[in-house]
Amino acid sequence: VQLQASGGGLVQAGDPLRLSCAASGRTFRSGVMGWFRQAPGKERELVAAINWTGLLTYYSDHVKGRFTISGDNAKKTVYLQMNSLKPEDTAVYYCAVSPIIATTPLEYEYWGQGTQVTVSS
C-alpha cells in the first residue's frame, strides 16, 4: 500500500487549504483513513478520520467545525478541507490507513510522506 499526500503550502490565517491523499495497492473494505499532524516538539495527533463507507467520521476538538474530511472511493482518495486556518494549525500533515477504527498513531499501518502546512498570522 502506498499513500501519496499533497496539497500543503503556506497560507495566511483565515485562508482555506485542501489536502489530498491518494491510496494505491490493496483495496480496503474496513478500517479508516486518518489525517494526523505533527508540529515541532509536539506529539503526532489525529486530526480527522473517515471510514471507507464515509458514514463514520472523527474530528479532534481543535479542528471541529473548521475541517472536513471526505472520500472518493472510485479514486481511492481522501480529502481534508481546512477552512479558517490558524497559525496553530501549522504542522506536517500525514495521511495514514488503519485496518480498524483507530485514533492513535500506533494503530495505523500505512503512512504517507507528509505535507507541510504553514499558516502565517
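Trainee: How many aromatic pairs does a search of the whole structure find?
Mentor: Bear in mind that this is a predicted model, where local features need pLDDT of at least 70, side-chain atom pairs count only at pLDDT 80 or more, and totals for chains, interfaces and linings use all residues. Residues are numbered from 1 along each chain as its sequence is written, and side-chain values use heavy atoms, with hydrogens and water left out. Rings of Phe, Tyr and Trp (its six-membered ring) pair if their centres lie within 6.5 Å. On that basis the search of the whole structure comes to four.

Trainee: What kind of pair do Tyr94 and Trp111 make?
Mentor: Planes under 30 degrees apart count as stacked, over 60 as edge-to-face and the rest as tilted. The ring centres of Tyr94 and Trp111 are 6.3 Å apart and the planes sit at 80°, so the pair is edge-to-face.

Trainee: And what about Tyr108 and Trp111?
Mentor: Here the centres are 6.2 Å apart. The planes of Tyr108 and Trp111 are at 55°, so this pair is tilted.

Trainee: Is Tyr94 buried or exposed?
Mentor: Buried means under 20% relative accessible area, exposed over 50%, partly exposed in between (1.4 Å probe, protein chains only). Tyr94 has a relative accessible area of 16%, so it's buried.

Trainee: Which residue lies over the face of Trp111?
Mentor: A charge sits over a ring if NZ of Lys or CZ of Arg is within 6 Å of the ring centre and within 35 degrees of the ring normal. At 4.8 Å from the ring centre of Trp111, the residue over the face is Arg44.
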